[in-house]
Amino acid sequence: MAETTGIDLSATPWQGDVQQAFEGWLMWHRVEKRSADKTIEAYQRDLTSFLWFLTKHNSETVSLSQLNQLKPRDFRSWLASRVARDLSNTSNARALSAIRGFFKWLNRQALINNHALDLLRTPKRPHSVPKPLTTHEANDVIEESFSWQEDDWVGLRDRAVFLLLYGCGLRIAEALSLNQKDAPSKNQEILRITGKGNKERLVPLLPVVRDAIAAYQQACPLIRDANAPLFLGIKGKRLSARIIQLQLEKLRGALNLPDTATPHALRHSFATHLLANGGDLRAIQELLGHASLSSTQRYTDVDTAELLKVYDKAHPSAQK
């Protein structure tokens, strides 16, 4: 077990020099890039799968010397093997990104000098973004989440979570990772959020969101201290994202909403509605915690009619 990474690299199809490089790369992601644990786990799985493929492909244990000699056709064979397993373009693109990252790191560390991956194209990913809810639909989800619950505190809990997603643009994991000590005080206007890669950001806190959290806390009968989770399940443990997903599935049926109405769609709606009402794209990027503006641009797709409304409302030439 590699104590530096927390990932079991024993009984692997590579030599010690590759294992040492593997651990160094993962540690670089954890310490220097501050990548999220889930991201590091995904990279570890993708690279392990790649190295197993090379072992079978070349009938020998993988070494840095062998990695240095790989040609574009070797990487194409690996991608072809994934396609033969019916893995999606999205999955293949992510895996290729991980392998590219590993080889770039090896080159920077002067462990190899292999740029064969520069000749490969990344598989096209489908342009898939969750469709936003309308303002009316989002409000219905939030209000109905309380009114249909048998236990008042559970309904108040769900309403507070949905408001954090739609009113603050939080990821569901960010909302559910909050602890009691993170709950906003009476007049607090800013919420500090720890997002992907343990990166912190500040998001404005609307009074309706703050009041919803306070109402839930007051009604919740479960014993808790400052370090306990803010949002609890009925057994007193941290609320699972799956519970919130199931709750919204039930609401979809009650409100006749499309299958695209998910917790993540509420976050998407937050961004889209801000943009449609003249919000600045870079400000929205900061609120969402996106590392790059391109992610925000894809995430906040709105139709032409909405963009024209913003133009007519905000652009100086449209005011004449």
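Predicted model: local features only at pLDDT ≥ 70, side-chain atom pairs only at ≥ 80, totals over all residues.
**View 1. Serine 59, a residue with a positive phi between helices H2 and H3.** Serine 59 sits in the loop between helix H2 (37-58) and helix H3 (64-68). Its phi is positive, about 55 degrees, although serine 59 is not a glycine. The relative accessibility of serine 59 is 65%, so the residue counts as exposed.

View 2. Alanine 110 is found between helix H5 (89-108) and H6, in the loop. Here too the residue is not a glycine, and alanine 110 has a positive phi of about 60 degrees. Is alanine 110 buried or exposed? With a relative accessibility of 64%, alanine 110 counts as exposed.

**View 3. Tryptophan 14 and phenylalanine 22, an aromatic pair.** The search of the whole structure finds 10 aromatic pairs. One of them joins tryptophan 14 and phenylalanine 22 in a tilted arrangement, with 5.2 Å centre to centre and 45 degrees between the planes. Tryptophan 14 counts as buried because its relative accessibility is 5%. Phenylalanine 22 is buried as well, with a relative accessible area of 0%.

**View 4. Phenylalanine 50 and phenylalanine 75, a stacked pair.** The rings of phenylalanine 50 and phenylalanine 75 form a stacked aromatic pair, 5.8 Å centre to centre and with 0 degrees between the planes. This pair links distant parts of the chain: phenylalanine 50 belongs to helix H2 and phenylalanine 75 to helix H4 (residues 72-84), 25 residues apart. Phenylalanine 50 has a relative accessibility of 1% and so counts as buried. Phenylalanine 75, at 0% relative accessibility, counts as buried too.

**View 5. The aromatic cluster.** Which residues do ring pairs link into a cluster? The members are Trp14, Phe22, Trp25, Tyr43, Phe50, Phe75, Trp78, Phe102 and Phe103.

**View 6. Serine 77 of helix H4 and histidine 57.** Serine 77 has its place in helix H4. With a relative accessible area of 29%, serine 77 is partly exposed. Serine 77 and histidine 57 are 20 residues apart along the chain, and their C-alpha atoms are separated by 8.6 Å.

View 7. An unreviewed UniProt entry places the feature "active site" at Arg171, Lys196, His264, Arg267, His290 and Tyr299. One of these, arginine 267, lies in helix H11 (residues 263-276). Its relative accessible area is 1%, so arginine 267 is buried. What lies 2.5 Å from a polar atom of the side chain of arginine 267? The backbone oxygen of glycine 169 is found at that distance.

**View 8. Arginine 192 in strand E1.** Arginine 192 lies in strand E1 (residues 190-194). The residue is exposed, with a relative accessible area of 52%. From C-alpha to C-alpha, arginine 192 and valine 203 are 6.6 Å apart in space, and in sequence they are 11 residues apart.

View 9. How many disulfides are counted when a pair of cysteine sulfur atoms must lie within 2.5 Å? The count comes to 0 disulfides. Cysteine 168 counts as buried, at 2% relative accessibility. Cysteine 220 has a relative accessibility of 6% and counts as buried.

Technical notes
Residues numbered from 1 in each chain as written. Heavy atoms only, no water. UniProt positions renumbered as here; feature names shortened; annotations may be inferred. Helix = DSSP H or I, 4+ residues; strand = E, 2+ residues; numbered from the N terminus. Buried < 20%, exposed > 50% of the residue type's maximum accessible area, 1.4 Å probe, protein only. Polar contact = N/O pair within 3.5 Å; in protein donor to acceptor, adjacent residues only side chain to side chain. Disulfide = S-S within 2.5 Å. Phe/Tyr/Trp six-rings, centres within 6.5 Å; stacked < 30°, edge-to-face > 60°.
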